[in-house]
Amino acid sequence: MVVDSDWVLPTRKCYKKFVPMGSASPKHTCLKLEHIFVKGTWFSSHFDLFITDGLQSWTCNASEEEVEERASQWDQPVSEYIDLGEKYLGFQQPGSIYGFDDAGSGHKRLSWTFEKEGTKLEWRWKCQPSPNSKKTTADILDFLMDANIRLSDEVVSKTQSFERLRVEAEKCLTQSEKLSKDKEEFESAIYAKFLGVLNSKKKQLRELRDKLSKQGTTVQEPEEEDAQSTDRTETFDEGSDEEKSGEEVEKEDVGTSSSQKDDVGTSKDVPARRGRGRGRKRK
């Protein structure tokens with residue numbers, strides 16, 4: 001968990017101080033391994049280790065030459081070697097076996113294992129007894145207390161921020177529920193108005209349809225009457241034509257018989273006229 005811009009208290013009881021990249025200031029870590037604390041100070045080309053169990057303390061001051069030699073043995077750049085040590089002493093890595101064994105004459109050997117390209121390797125450095133155990137232990141405890149205070153302040157700040165966010169979230173939730181309720185009420189009102197308008201339009205359409213139906217019936221009745229009167233007129237005209245044709249036939253018959261009488265009366269005297277009369281009858 002981040003304490004501030006420079007400090008962090010990771011899990012597994014490890015304390016670490018971060019420094020922005022490109023800065024010449026060293027980085028600090030502190031890792032608890034069983035009954036000891038290991039504090040590391042990491043520079044660009046070398047590092048220092050301070051170890052205490054509460055009663056005794058040890059130190060390891062790795063020079064630039066020693067670091068370069070160790071890095072060359074593993075075909076690593078110095079910076080990569082330093083980063084590897086900082087990683088394993090900043091956070092206890094899973095799968096790695098840490099050790100702090102007796103190396104004789106009061107010396108201790110700090111080690112841990114890691115894998116590189118499928119090969120298991122061991123990173124180890126020999127630590128000598130501190131010339132001033134009390135000071136070394138006090139420095140480690142001061143570092144831990146300082147990190148703890150910073151962490152506590154950060155926890156308080158984060159808690160306050162969380163509380164503010166929680167209050168804002170509750171406000172947003174309340175506002176969201178109110179907006180949802182207003183939306184439902186608005187939709188219900190709109191649907192009710194729309195339903196009223198729709199029913200009114202349907203009623204008007206039915207009335208117009210009924211009017212059109214009545215008008216259609218009224219128009220059809222005069223057409224039927226006109227058709228009947230037309231039939232009667234045609235019948236009457238046909239009868240008149242028959243009567244007329246009968247009268248004309250009678251007139252023609254009368255005219256023919258009268259002309260025949262005239263022809264009979266004049267046939268003795270004027271034979272020529274009789275011929276013209278026959279010709280006219282043929283026509």
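Lys-178 and Asp-182 form a salt bridge, with the closest N and O atoms 3.1 Å apart. The two residues lie four positions apart in helix 3, so about one helical turn separates them. Lys-178 is exposed, at 52% relative accessible area. Asp-182 is partly exposed, at 32%. The model is predicted. Its protein chain has four helices and nine strands.

**Other salt bridges**

- The structure holds eight salt bridges.
- Side chains of opposite charge can pair when their charged atoms come close.
- Lys-135 and Asp-139 are four residues apart in helix 3, which means a separation of about one helical turn.
- Lys-135 is partly exposed, with 47% relative accessibility.
- Asp-139 also counts as partly exposed, with 35%.
- Arg-166 and Glu-170 form another salt bridge, and their closest N and O atoms are 2.6 Å apart.
- Arg-166 and Glu-170 are likewise four residues apart in helix 3, so they sit about one helical turn from each other.
- Glu-170 has a relative accessible area of 43% and is partly exposed.
- Arg-166 has a relative accessible area of 34% and is partly exposed.
- Arg-166 and Glu-170 also belong to a network of salt bridges that links them with Glu-163.

**Fold and chain totals**

- Along the sequence, the elements run β-β-β-β-β-β-α-α-β-β-β-α-α.
- The protein chain has 283 residues, and 23% of them count as buried.
- Among contacts with a separation of 6 or more, 42% join residues 24 or more positions apart.
- The protein chain exposes about 20600 Å², and carbon and sulfur atoms supply 52% of that area.

**Charged surface patches**

- A patch of negative charge on the surface gathers Glu-64, Glu-65, Glu-66, Glu-68 and Glu-69.
- Glu-66 lies in helix 1, which spans residues 64-73.
- Glu-66 is partly exposed, at 37% relative accessibility.
- A patch of positive charge on the surface gathers Lys-202, Lys-203, Arg-206 and Arg-209.
- Lys-202 is found in helix 3, which spans residues 133-266.
- Lys-202 is partly exposed, with a relative accessible area of 43%.

- Ile-190 lies in helix 3.
- Ile-190 counts as partly exposed, at 38% relative accessibility.

**A buried glycine**

- Gly-90 is found in helix 2, residues 78-90.
- Gly-90 has 0% relative accessibility, so this glycine counts as buried.
- The cut-off for buried is under 20% relative accessible area.
- Gly-90 and His-28 are 62 residues apart along the chain, and their C-alpha atoms are separated by 8.4 Å.

- Glu-34 is not a glycine, but its phi is positive, near 55 degrees.
- Glu-34 sits in the loop between strand 3 (27-33) and strand 4 (36-42).
- Glu-34 is exposed, at 67% relative accessibility.
- Ser-105 is not a glycine either, and its phi is positive at about 60 degrees.
- Ser-105 sits in the loop between strand 7 (98-104) and strand 8 (107-116).
- Ser-105 is exposed, with a relative accessible area of 70%.
- Exposed here means over 50% relative accessible area, so both Glu-34 and Ser-105 qualify.

Conventions. Residues are numbered from 1 along each chain as its sequence is written. This is a predicted model: local features need pLDDT of at least 70, side-chain atom pairs count only at pLDDT 80 or more; totals for chains, interfaces and linings use all residues. Side-chain values use heavy atoms; hydrogens and water are left out. Buried means under 20% relative accessible area, exposed over 50%, partly exposed in between (1.4 Å probe, protein chains only). Contact means heavy atoms within 4.5 Å. Accessible areas come from the Shrake-Rupley method with a 1.4 Å probe; for residues, only the protein chains shown count as cover. Patches are made of residues with over 30% relative accessible area and no salt bridge: like charges are joined within 9 Å, nonpolar side chains (Val, Leu, Ile, Met, Phe, Trp, Tyr) within 5 Å. A salt bridge is a side-chain nitrogen of Lys or Arg within 4 Å of a carboxyl oxygen of Asp or Glu. Lys and Arg count as positive and Asp and Glu as negative; His and the chain ends are not counted. The place of a charge is taken as NZ of Lys, CZ of Arg, CG of Asp or CD of Glu.
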